[in-house]
Amino acid sequence: MLRRQGEILLPGDELNVIEEFIPGEGTYDFNGVVYSSVVGKAFYDMINRKVNSIAFKRPGVTTIKKAKYVLGVVTGLREDSALVNIYSIEDKQTEPITAYLHISQISNKYLNNIGEAVKVGDIIRAKPLNSTIPIALTVKQRDLGVVYSRCSICGTKMVKQDEEHLRCPNCGNIEPRKIALLQVKKGGS
Ligand SMILES: [Zn+2]
C-alpha cells in the first residue's frame, strides 16, 4: 500500500516495500520496508522508482548547542557508531540534522556491539555533545536512549520487558536496547 503523493509523514511512518520503490532522500530501509526518517511529505519518483520524504524547512531552528535533548531516527549502523537523523530539538521540529552516536557514548557498561543498544529504525532521545555537523550524541544518562522501536522479526511496536530489554507483544521476540527510562509522574495519594 502506497501513501498519497504529498501525504504528510512522521519519522517511522511506513512508505512501501523495497520491491515497489527504493529508499531515497529522508527515508531508510528496515527489513525490506521503507520508512520516513523525517517530518516531511511523500514523494514517489515514478521514473527512478524511488521514494523520498521531503523534509519541511523550518526557519529559525532552535540552536542545538544547549538543547537538553533531541529526538532522532537511527538510519544506519557502522561497526562502532550509529547514524542518526535528528528531527526534533527538545520538542520543536527541525529540518533534518545529521548526527551520530558512538559506542562509547551509550552507557558505562562494556558493549561488544552497538547493535545490543540501538537498531535501525529506532527513535532515540539523545543529548548533543557539540554543534558541528555531524552532531555527536550521547545517551549515557538514564533518561536518554531508545523511546520507540519495532520488532526485527514482525515489525510490531515493542514494549518494555525490563530496563535493558524490549519485548514484542505479537511474537514474543526479546531484544536488548539502551532504553530511555523516563520518569513517570506518580498520581494521587
Ligand atoms: Zn515480533
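**View 1. T27 and S36 face each other across a strand pair.** T27 stands opposite S36, which belongs to β5. Before going on, note that this is a predicted model: local features need pLDDT of at least 70, side-chain atom pairs count only at pLDDT 80 or more, and totals for chains, interfaces and linings use all residues. Residues are numbered from 1 along each chain as its sequence is written, and side-chain values use heavy atoms, with hydrogens and water left out. The strands here, β4 and β5 (residues 33–36), run antiparallel and share four bridges. Strands (E, at least two residues) and helices (H or I, at least four) are DSSP runs, numbered from the N terminus, and two strands pair if DSSP finds at least two bridges between them.

**View 2. Now for the open sheet around that pair.** Its three strands come in the order β2-β5-β4, with antiparallel pairing. β2 (14–17) and β4 (27–30) sit at the edges with a single partner strand each, so one side of each has no neighbour in the sheet. Neighbouring strands are turned by 30° against each other on average, ignoring direction; the axes behind such angles are lines fitted to C-alpha atoms, for helices over the stretch in contact, and angles run from 0 to 180 degrees between N-to-C directions. As a bit of background, strands of a sheet pair through backbone hydrogen bonds, either parallel or antiparallel.

**View 3. Here are the two domains.** Domain 1 covers 8–55 and domain 2 covers 61–176, with bounds that come from an automatic or database domain assignment. Their C-alpha centres lie 20 Å apart. Eleven residues of domain 1 are in contact with twelve of domain 2, where contact means heavy atoms within 4.5 Å.

View 4. An unreviewed UniProt entry annotates residues 67–127 as "domain: S1 motif"; UniProt positions are given in the numbering used here, feature names are shortened, and annotations may be inferred rather than shown by experiment. Residues 67–127 are 0% helix and 54% strand, and the end C-alpha atoms are 7 Å apart. S81 lies in β9 (residues 81–89) and counts as buried at 8% relative accessibility. Buried means under 20% relative accessible area, exposed over 50%, and partly exposed in between (1.4 Å probe, protein chains only). Setting aside neighbours within four places in sequence, the contacts of S81 are G76, Y100, L101, H102, I103 and I114.

**View 5. Next up is G145.** G145 lies in β13 (residues 145–148) and is buried, at 1% relative accessibility. Not counting residues up to four places away in sequence, G145 touches I123, I124, R125, V139, K178, I179 and A180. The C-alpha atoms of G145 and L182 are separated by 9.6 Å, with the two residues 37 apart along the chain.

View 6. Most residues other than glycine have a negative phi, and most peptide bonds are trans. R49 isn't a glycine, yet has a positive phi of about 50°; R49 lies in the loop between β6 (40–45) and β7 (50–55) and is partly exposed at 41%. E90 isn't a glycine either, and has a positive phi of about 50°. E90 sits in the loop between β9 and β10 (92–102), partly exposed at 23%. The peptide bond from I133 to P134 is cis, with omega near 0°, and P134 is in the loop between β11 (123–128) and β12 (135–138).
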